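Please keep the sequence and the model in view while reading.

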Amino acid sequence: MKKERKSIFLSAQLVREANDYIINEFKRLEILGISPSHGDIFHYLFGGKILSPAQIATKINRTKATVTTLLDRLEMDGYLVREKDKNDARSLNVKLTPKGESLKPKFDEISKNLNKILAKNFSEFELDALDTLLSRAIKNFNKKIN
């Protein structure tokens with residue numbers, strides 16, 4: 001009889017715990033109008049990067065419709081702008097506003113603390129193994145890892 005695996009349940013629980021932490025940190029740091037689902041967008045746009053909505057969708061493994069909804073909220077709150085592509089007026093590009101870019105130190109702090117919490121009671125070897133195993137599990141679902 002095969003042992004029942006709890007990996008998916010545990011992975012989902014880890015994501016919930018991390019998201020709860022992020023939400024509490026957003027409140028503490030007075031970051032308004034942003035949810036954990038916006039984090040990947042900021043990650044790919046910080047540092048003056050400019051991407052199309054389609055590129056963002058590919059990088060964060062979300063549908064274009066989902067990304068459009070996420071971008072709408074961030075644009076409405078003044079964190080990013082969409083501008084016509086200089087080479088193709090039919091296409092849009094997305095970039096952070098100064099308000100959006102100003103969040104980088106706070107996002108870096110949250111990320112650093114998240115990783116510190118995760119690493120507690122693990123050796124470097126175990127953390128490397130965890131990264132390897134999680135990456136392999138994600139690949140099993142045919143998802144791109146960035």
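## Aromatic pairs

How many aromatic pairs are there by the rule used here? The count comes to 5 aromatic pairs; rings of Phe, Tyr and Trp (its six-membered ring) pair if their centres lie within 6.5 Å, and planes under 30 degrees apart count as stacked, over 60 as edge-to-face and the rest as tilted. Phe42 and Tyr79 form an edge-to-face pair, at 6.0 Å centre to centre with 75 degrees between the planes. Phe42 belongs to helix α2 and Tyr79 to the loop between α4 and β1 (80-84), 37 residues apart.

Phe42 and Phe107 form a tilted pair, with 4.9 Å between centres and 40 degrees between the planes. Phe107 lies in helix α6, 65 residues from Phe42. One aromatic cluster is formed by Phe26, Phe42, Phe46, Tyr79 and Phe107.

## Basis of the model

This is a predicted model, in which local features need pLDDT of at least 70 and side-chain atom pairs count only at pLDDT 80 or more, while totals for chains, interfaces and linings use all residues. Residues are numbered from 1 along each chain as its sequence is written, and side-chain values use heavy atoms, leaving out hydrogens and water.

## Surroundings of Asn93

Asn93 counts as buried, at 18% relative accessibility. The side chains of Asn93 and Asp85 are joined by a polar contact of 3.3 Å; such a contact is a pair of N or O atoms within 3.5 Å, one able to donate a hydrogen and the other to accept it within protein, and residues adjacent in sequence count only if both atoms are side-chain atoms.

Note on methods
Buried < 20%, exposed > 50% of the residue type's maximum accessible area, 1.4 Å probe, protein only. Helix = DSSP H or I, 4+ residues; strand = E, 2+ residues; numbered from the N terminus.
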